[in-house]
Amino acid sequence: MNTEKDFSPLTPNIVRALNDKLYEKRKVAALEIEKLVREFVAQNNSAQIRHVIQILAAEFALSQHPHSRKGGLIGLAACSIALGKDSGLYLKELIDPVLTCFNDSDSRLRYYACEALYNIVKVARGAVLPHFNVLFDGLSKLAADPDPNVKSGSELLDRLLKDIVTESNKFDLVAFVPLLRERIYSNNQYARQFIISWIHVLESVPDINLLDYLPEILDGLFQILGDSSKEIRRMCEVVLGEFLKEIKKNPSSVKFAEMANILVIHCQVSDESKSTNDLIQLTAMTWMREFIQLAGRVVLPYSSGILTAVLPCLSYDDRKKSTKEVASACNHSLMKLVTPEDDEDDEESQTKSSPPSDDASSKKEGDLNDSLNESQESGGFSNISFFTPASSDRSAVTLDLDGIVQVLDRHLHDSSTGMMTRIAVLKWLYHLYIKTPRKMFKHTDSLFPMLLKTLSDESDEVILKDLEVLAEIASSPAGQTDTSGSCDTSDTKSELHIPGGVRDKVVVGAKMADLSPSTPSMNSYFYKFMINLLKRFSIERKLLEMRGVFIIRQLCLLLHAENIFHSMADILLKEEDLKFASTMVQTLNTILLTSAELFQLRNQLKDLRTQESCALFCCLYRSWCHNPVATVSLCFLTQNYHHAYDLIQKFGDLEVTVDFLMEVDKLVQLIESPIFTYLRLQLLDVEHNPYLIKALYGLLMLLPQSQAFQLLSHRLSCVPNPELMRTVEDIKVPVKEKRPAQPHIDYSDLLQHFDRVQSKHLEARHQRTGRSEHPDRKLML
């Protein structure tokens with residue numbers, strides 16, 4: 001430095017001492033400067049004070065010589081001490097050169113700068129608050145300084161500044177938040193710790209409402225929550241916990257809309273992510289749960305985004321049990337918000353709840369919804385929805401049904417979706433069909449194919465929930481008036497051909513006619529469901545084999561069993577794949593004879609006393625003819641023993657295969673089961689049931705010498721001698737077969753139908769095997 005230069009009012013001795021390499025000499029010069037400035041203060045000579053500060057800043061603190069810079073820093077600190085309470089008038093000139101030295105490459109100089117600023121701030125106290133941003137910016141850099149002495153000095157300055165902010169009511173939060181938002185994304189651990197400590201301090205000050213600006217920093221807080229330092233994560237958890245407490249206390253002032261997207265994003269964590277991200281997800285999910293509970297129906301327009309985040313968490317294992325439980329609570333709370341009023345058209349809802357004077361506000365809300373919908377369709381996180389601020393006007397709350405269905409459908413189509421998530425998706429669909437059936441039926445055609453495909457799921461619980469949804473679709477009154485739910489709108493590849501004679505029994509968009517007068521009417525989707533279910537069984541024989549009985553039994557519980565059997569019999573009547581028709585009839589017959597769910601239907605068929613029961617018998621019979629043994633068992637069930645005997649007589653003209661004999665074997669086993677207790681008791685009345693005995697003997701003659709043969713033979717050997725069973729009353733009454741009183745049934749026509757069906761089966765078997773002559777019936781068993 002040029003010592004010959006004029007630095008007045010600083011004396012040459014002061015200038016020389018400020019440039020000295022020894023700290024003690026620079027300290028002596030600082031004391032002289034302090035004395036000089038005090039004199040100027042006493043004289044109220046502000047011009048000279050500014051001149052001294054300018055010389056110390058430009059010629060010393062910003063000098064190229066390191067010792068001069070050190071002298072300038074201690075000189076500026078001395079000026080501040082001398083100025084006392086008046087230092088606030090000169091803070092910018094005092095602070096700026098010191099902050100510049102924070103970037104010096106010499107760690108000792110950075111330490112002296114920190115020491116100088118500490119003295120300046122200590123004297124000025126609250127007067128430094130207008131310069132808080134530049135001070136905070138400088139401190140945030142020193143917090144990450146590699147030198148421990150510099151870091152220690154910055155911590156002292158940091159504590160002093162926090163004390164000043166805490167005791168002051170003039171802190172400019174609006175000006176500070178942009179800087180905080182910028183610095184919060186630092187990856188340096190010390191800088192993060194510095195930021196978190198300041199947020200905690202500001203949050204604790206009663207006069208500072210940091211909650212209003214939480215949307216600005218929430219994402220950054222969640223970023224810091226994933227830090228590798230346990231201490232930093234703990235600090236961040238504390239801060240987020242305090243914010244959440246404040247939200248619970250003052251929910252009306254919370255900007256839910258601006259934070260929802262942040263929570264949705266942080267609720268979604270990759271399975272391969274590190275364990276710290278699990279903490280982020282759990283915390284975000286906890287916040288989401290509180291948001292749903294606090295905001296109530298206000299969240300409904302944005303529930304698709306919430307479901308996007310929540311549903312995958314429901315399939316977590318015990319390693320993420322806490323997250324799974326919180327996600328389940330979110331899902332449950334959100335589902336409870338959907339009510340029947342959400343099924344009203346938007347116009348109806350506005351008419352009921354919006355006065356005419358609210359037209360302007362309604363238009364504004366409509367514009368807002370339009371802009372949100374546009375953002376949802378743009379891609380990326382476009383499917384994520386956002387909250388709107390809390391409002392007491394319920395007319396503004398519109399369920400985002402389209403978005404919800406889109407999310408649910410996407411999870412059903414995703415093969416990687418976990419079982420519990422699929423169950424939750426199906427529960428949602430069922431809930432929506434219950435609460436908002438009119439609006440949901442607009443989506444049924446798009447959902448229907450995937451719901452059918454879900455029947456092939458590996459989980460019984462998933463299939464059960466899927467059947468509940470399909471049953472609700474098939475039986476909902478809303479489907480009877482739905483004009484968009486035509487059976488012809490879905491993919492024709494997934495449907496059976498509806499026979500011409502059967503199609504006449506269906507009224508699209510209305511109820512089914514001619515199913516049976518004794519059963520509730522189903523809508524158009526019921527028959528569509530039956531057609532596609534049988535088609536799926538036809539394509540996936542393993543599904544029929546493994547789950548067919550389970551599916552049909554559950555449907556008989558969920559819907560009317562008579563409708564199920566009547567409609568399936570109608571469809572199978574014209575089924576072109578005769579082998580499948582025979583297998584399907586055998587499955588239905590087993591269910592009819594053995595399942596507890598079919599008890600009422602069996603009783604209805606047991607005594608054909610009404611026109612309805614006779615119509616049902618004839619309908620089943622015509623389809624049961626695809627399987628001769630099943631047809632005989634149906635006759636046994638309905639006590640048509642004469643007709644059963646006539647059928648068995650025709651078995652001599654059929655191709656007797658191993659499968660055929662196995663079915664007869666199963667029928668013998670069924671005759672010994674509780675289902676046919678009444679039939680066995682009727683064997684005591686030999687004179688009134690001669691054709692029952694003849695039919696059973698006919699089955700016996702069909703069987704080879706097997707266990708079933710021995711079983712049936714033993715049963716028939718127990719039939720008593722009719723002469724021993726005769727009473728006096730029986731002698732007086734002519735003997736004839738006892739049959740229940742029933743409407744007229746043309747059994748000759750039924751036999752002819754049986755012959756026609758069996759002829760088709762025989763022809764089909766010949767075509768499959770390429771044989772032109774009758775097969776050999778000598779079987780090796």
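In this predicted model, the lining of the second largest pocket divides into seven nonpolar, nine polar and eight charged residues. The volume of this pocket is about 620 Å³. Its lining comprises 24 residues, and those nearest the centre are Ser582, Thr657, Asp659, Glu663 and Arg765.

Helix H38 supplies the largest share of the lining, six residues.

The nonpolar interior is considered next. In soluble globular proteins, nonpolar side chains tend to be buried together. Here, the largest nonpolar core contains 245 residues. Within that core, Leu10, Leu221, Phe529, Phe565 and Phe636 have the most contacts. Leaving aside residues up to four places away in sequence, Phe565 touches Cys556, Leu588, Ile591, Leu592, Leu598, Leu601, Leu620 and Trp624.

A further element is helix H20, which runs over residues 419-435 and has 17 residues. From the first C-alpha to the last, H20 reaches 24 Å, close to the 24 Å expected at 1.5 Å a residue. Which residues of H20 are buried? They are Thr421, Arg422, Ile423, Ala424, Val425, Leu426, Trp428, Leu429, His431, Leu432 and Tyr433. The cover over these buried residues includes helices H15 (303-310), H16 (321-336) and H19 (401-413), together with H21 (437-440), H22 (444-453) and H23 (460-475).

Key
Residues numbered from 1 in each chain as written. Predicted model: local features only at pLDDT ≥ 70, side-chain atom pairs only at ≥ 80, totals over all residues. Heavy atoms only, no water. Core = buried A, V, L, I, M, F, W, Y, C linked by side-chain atoms within 4.5 Å. Buried < 20%, exposed > 50% of the residue type's maximum accessible area, 1.4 Å probe, protein only. Contact = heavy atoms within 4.5 Å. Helix = DSSP H or I, 4+ residues; strand = E, 2+ residues; numbered from the N terminus. Expected span 1.5 Å × (residues − 1). 1 Å grid on protein atoms, 1.4 Å probe; cavity = no way out; pocket = protein on both sides within 12 Å on 5 of 7 lines; lining within 4 Å. Points joined across faces, edges and corners; volume = space filled by probe spheres on them. Nonpolar A, V, L, I, M, F, W, Y, C, P; charged D, E, K, R; others polar.
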